[in-house]
Amino acid sequence: MNTPAFFDSLTEQKPDPLLELIAKFAADPRSGKIDLGVGVYRDETGRTPVMRAVKAAEHYLWETQESKSYIGPEGDPAFLRALALEVFGERHGGRLLAGIQTPGGTGALRLAAELLALDNRRKIWIGTPTWVNHQAIFAAVGLQVGTYRFFDIDKQAVLIDEMLTTLQDAAPGDAVLLQTSCHNPTGAGLSQQNWRDIAAIIASNGLLPLFDNAYQGLGRGPIEDAAGMIGVIETVGEAMVAVSCSKSFSLYRERTGAVYLFGDQQASLNKGVGNLASHARTSYSMPPAHGAAIVAAILQNPSRRQVWVDELREMRIRIAEIRGAAAKAFGQFHPELANIASQEGMFSLLPIPPENVRQLRAEHGIYMPDSGRINVAGMRVEDVASVAERIGPYLA
Ligand code: LMR
């Protein structure tokens with residue numbers, strides 16, 4: 001009798017659609033192919049460059065770093081302090097905070113999810129559409145995932161009333177996932193009034209907000225992008241924030257991020273971080289050091305920080321220019337896509353059926369996930385009109 005092979009009883013897993021798209025694009029031999037898929041910033045030449053400040057920081061680290069010895073599960077305290085100051089400002093919503101370094105923003109979300117599960121939270125509410133990985137991260141730790149419609153793709157509009165009604169009906173103690181800015185996949189921004197309404201409902205209903213803060217500085221500006229989140233922290237009092245340095249420092253593969261906890265009782269925040277650290281220790285022991293050392297070396301040095309601020313502004317301006325051109329070009333095919341101009345960050349979500357996405361890929365070599373999300377930074381400004389001409393006939 002044959003004994004079954006190890007792992008044979010496991011369920012076959014589908015590859016992550018976004019990561020699969022990277023491989024499909026790389027394997028396409030056509031020279032005119034266009035990658036609007038994975039969310040990485042590209043410059044006018046189509047490259048994802050190492051930022052100037054990152055190069056300078058790496059040079060500095062090469063000259064001064066004397067040890068690669070262990071750093072501990074909480075990561076680098078200098079990185080955590082400098083990043084918190086940059087992201088939340090000096091007042092950080094008037095609340096106490098404590099944080100732990102993580103392997104990227106995804107690691108931050110997963111660690112936050114683990115803490116929610118340990119804290120016996122029952123459910124997390126997530127607006128849809130959302131990043132492909134969000135629901136899976138929270139389901140993986142056994143949390144129930146409740147959804148509500150956040151965005152009308154056809155009308156290119158936020159469904160704020162549906163969101164507020166859902167949060168009104170959520171059970172006290174539930175968590176709610178919010179994207180700080182540059183919403184993935186829709187690019188939709190919230191007004192100050194929207195944020196105030198969200199904060200009021202979260203506070204009155206006893207919910208716990210968890211922010212996914214992955215694009216700060218690529219939308220309206222570093223301070224403007226964080227304003228809604230800071231307002232919620234001020235009003236609600238307790239919150240969790242997963243920060244990613246992948247996009248705003250272009251450190252994608254260095255896996256650099258952090259989770260911060262906010263509240264008014266230092267002892268409970270410390271307990272939270274202690275549990276995060278203990279989970280880190282049994283998962284990956286400690287986070288990778290290099291990216292965090294780069295971020296600390298940038299943020300702690302005024303001239304390197306200025307170089308970074310300037311380059312982030314250049315990236316933001318380029319994205320806004322592409323958005324202006326894309327709004328005109330795509331708006332001819334679907335008038336509501338004129339809203340692309342007022343959306344923010346790298347993503348917008350086109351009203352396009354998945355079968356048309358696949359046909360577009362086969363016939364024109366234009367790559368986007370089946371959802372119809374486009375990374376606007378994947379286009380050169382002068383190519384926007386011709387890309388839109390090719391995509392237009394496939395729109396719903
Ligand atoms: C994206 O949404 O394209 C990025 O956040 C990359 C990823 O990890 O999915």
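**Entries on cavity, pocket and surface**

I began with the lining of the largest cavity and sorted it by class: eight residues are nonpolar, four are polar and one is charged. I note that the model is a predicted one.

I then asked which residues of this lining lie nearest the centre of the cavity. Of the 13 lining residues, these are Val87, Gln216, Ser248, Phe249 and Trp308. I looked up the elements behind the lining and found that helix H3 (77–88), strand E9 (239–244) and helix H11 (302–331) each supply at least two residues. H3 gives the most, with three residues.

I recorded the volume of the largest cavity as about 120 Å³. My search of the whole structure returned one cavity of 30 Å³ or more.

Next I turned to the largest pocket, for which I noted a volume of about 600 Å³. Its lining comprises 27 residues, and Val38, Thr106, Trp131, Lys247 and Arg255 lie nearest the centre. H1 and helix H4 (104–118) are the elements that give two or more residues to this lining. By class, I listed twelve nonpolar, nine polar and six charged residues in the pocket lining.

Last, I examined a nonpolar patch on the surface, formed by Phe6, Phe7 and Leu10. Together these residues have about 450 Å² of accessible area. I located Phe7 in the segment before helix H1 (17–27).

Definitions and conventions
Residues are numbered from 1 along each chain as its sequence is written. This is a predicted model: local features need pLDDT of at least 70, side-chain atom pairs count only at pLDDT 80 or more; totals for chains, interfaces and linings use all residues. Side-chain values use heavy atoms; hydrogens and water are left out. On a 1 Å grid over the protein atoms alone, a cavity is a set of points where a 1.4 Å probe fits but cannot get out, and a pocket is an open set with protein on both sides within 12 Å along at least five of seven lines; lining residues have an atom within 4 Å of a point. Grid points are joined across faces, edges and corners, and a volume is the space filled by probe spheres set on the points. Helices (H or I, at least four residues) and strands (E, at least two) are DSSP runs, numbered from the N terminus. Ala, Val, Leu, Ile, Met, Phe, Trp, Tyr, Cys and Pro count as nonpolar, Asp, Glu, Lys and Arg as charged, and the others, Gly among them, as polar. Patches are made of residues with over 30% relative accessible area and no salt bridge: like charges are joined within 9 Å, nonpolar side chains (Val, Leu, Ile, Met, Phe, Trp, Tyr) within 5 Å. Accessible areas come from the Shrake-Rupley method with a 1.4 Å probe; for residues, only the protein chains shown count as cover. A salt bridge is a side-chain nitrogen of Lys or Arg within 4 Å of a carboxyl oxygen of Asp or Glu.
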